[in-house]
Amino acid sequence: MRFHRKSLLLTNHKPTTNLNYSEVLQSFHLSVVQWIAICFTVFLLGLSKSGIKGIGIIIVVILAFVFGEKTSTGILLPMLIFADIFAVIYYNKHAQWHYIKKLLPAMVFGVLVGVWVGNDISEIIFKRTMAVIVIGSVLIMFFMENRKSTAIPTNRWFSNAAGFLAGFTTMIGNLAGPISDIYFLAMRLPKNEFIGTAAWLFFIINLFKLPFHIFVWETVSAETLVLNSVLIPMVILGFFLGAYMVKLISNVNYRRFVLMVTALGGIIMLFR
């Protein structure tokens, strides 16, 4: 993932000056199959933000395949923020702010480190390290679940480590989901509190990331925002379908689902 300062995708585009809406979309040169893949991906994004956790890695993998590693992070970010707005409104009353306050400082630091090293980190090292962290964390959580342990980690290093890793990975590749999921599962948050707390945390941190994507990495532009705008209906559809599905899942089954899908995501990252 040795990124170029300019997006490989955008450097092949014509300048957007004097281009109308459809011409900007055509400048991405997307095939029908790619459009279907992108629409499916942002539908999954809506599901994810509604509380169907653990599918974030699938979203990142598909977009990276279509647009490339770095370009995809800028295309995804505005849609993440849009979906975050729905999530914080829908689950606002369930947010546990003391967990957000614990994680946020370390996450901000992680984002800043991610901005700094983002152009130089090896793609292979990053993916393998993330996969090991995710799979290792899931194994620990499975062990704790099988022991029926109700112990909650209270050490400050645990929240700081989780916050830093979440901040760093969300800046580099929008891959903080598995880290935050493991943290909130370890805190034994009930389903709605889990979703509401994560919603506010990522709404804040995604807004913090936005200026870096615009002015430093230059991965968010007028072109990418035009593309985002046509995908919004799929995000909305995914969110409200996911919110309905979440209501049908018990707290126990929700924990199991998040663990299994997160583990699957770690395996996908390890071998993709």
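Between which two helices does the loop that holds His-29 lie? His-29 sits in the loop between helix H1 (21-26) and H2, and we will come back to this residue below.

## What you are looking at

This is a predicted model, in which local features need pLDDT of at least 70 and side-chain atom pairs count only at pLDDT 80 or more, while totals for chains, interfaces and linings use all residues. Residues are numbered from 1 along each chain as its sequence is written, and side-chain values use heavy atoms, with hydrogens and water left out.

## Overall build

The protein has 11 helices and 0 strands, and reading along the sequence gives the pattern α-α-α-α-α-α-α-α-α-α-α. Helices (H or I, at least four residues) and strands (E, at least two) are DSSP runs, numbered from the N terminus.

Of the 272 residues in the protein, 54% are buried; here buried means under 20% relative accessible area, exposed means over 50%, and partly exposed is in between (1.4 Å probe, protein chains only). The protein exposes about 12400 Å², and carbon and sulfur atoms supply 70% of that area. These areas come from the Shrake-Rupley method with a 1.4 Å probe, and for residues only the protein chains shown count as cover. Among contacts (heavy atoms within 4.5 Å) between residues at least 6 apart in sequence, 88% join residues at least 24 apart.

## The cavities

On a 1 Å grid over the protein atoms alone, a cavity is a set of points where a 1.4 Å probe fits but cannot get out, and lining residues have an atom within 4 Å of a point.

The largest cavity is lined by 27 residues, and the closest to its centre are Ser-48, Lys-49, Gly-56, Asn-174 and Gly-177. Helix H2 (32-50), helix H3 (56-67), helix H4 (69-90), helix H8 (177-186) and helix H9 (191-216) each supply at least two residues of this lining, with H9 giving the most, 5 residues. By class, the lining has 15 nonpolar, 9 polar and 3 charged residues. In this count Ala, Val, Leu, Ile, Met, Phe, Trp, Tyr, Cys and Pro are nonpolar, Asp, Glu, Lys and Arg are charged, and the others, Gly among them, are polar.

How many salt bridges does the rule give? The count comes to 1, where a salt bridge is a side-chain nitrogen of Lys or Arg within 4 Å of a carboxyl oxygen of Asp or Glu. Lys-49 pairs with Asp-84, and their closest N and O atoms are 2.6 Å apart. The pair links distant parts of the chain, with Lys-49 in helix H2 and Asp-84 in helix H4, 35 residues apart.

Both Lys-49 and Asp-84 are buried. Asp-84 counts as buried because its relative accessibility is 0%. Leaving out residues up to four places away in sequence, Asp-84 touches Lys-49, Ala-199, Phe-202, Phe-203 and Asn-206.

## Buried residues in the helices

Thr-41 has its place in helix H2 and is buried, with a relative accessible area of 0%. Beyond its neighbours within four places in sequence, Thr-41 is in contact with Ile-59, Ile-62 and Leu-63. Phe-67 lies in helix H3 and counts as buried at 6% relative accessibility. The C-alpha atoms of Phe-67 and Gln-34 are 9.6 Å apart, although 33 residues separate the two along the chain.

Met-107 is found in helix H5 (residues 97-117). Why does Met-107 count as buried? Met-107 counts as buried because its relative accessibility is 0%.

Most residues other than glycine have a negative phi. His-29, not a glycine, has a positive phi of about 55 degrees, and His-29 is exposed, with a relative accessible area of 62%.

Arg-188 also has a positive phi of about 55 degrees without being a glycine. Arg-188 lies in the loop between H8 and H9 and is partly exposed, with a relative accessible area of 30%.

Conventions: On a 1 Å grid over the protein atoms alone, a cavity is a set of points where a 1.4 Å probe fits but cannot get out, and a pocket is an open set with protein on both sides within 12 Å along at least five of seven lines; lining residues have an atom within 4 Å of a point.
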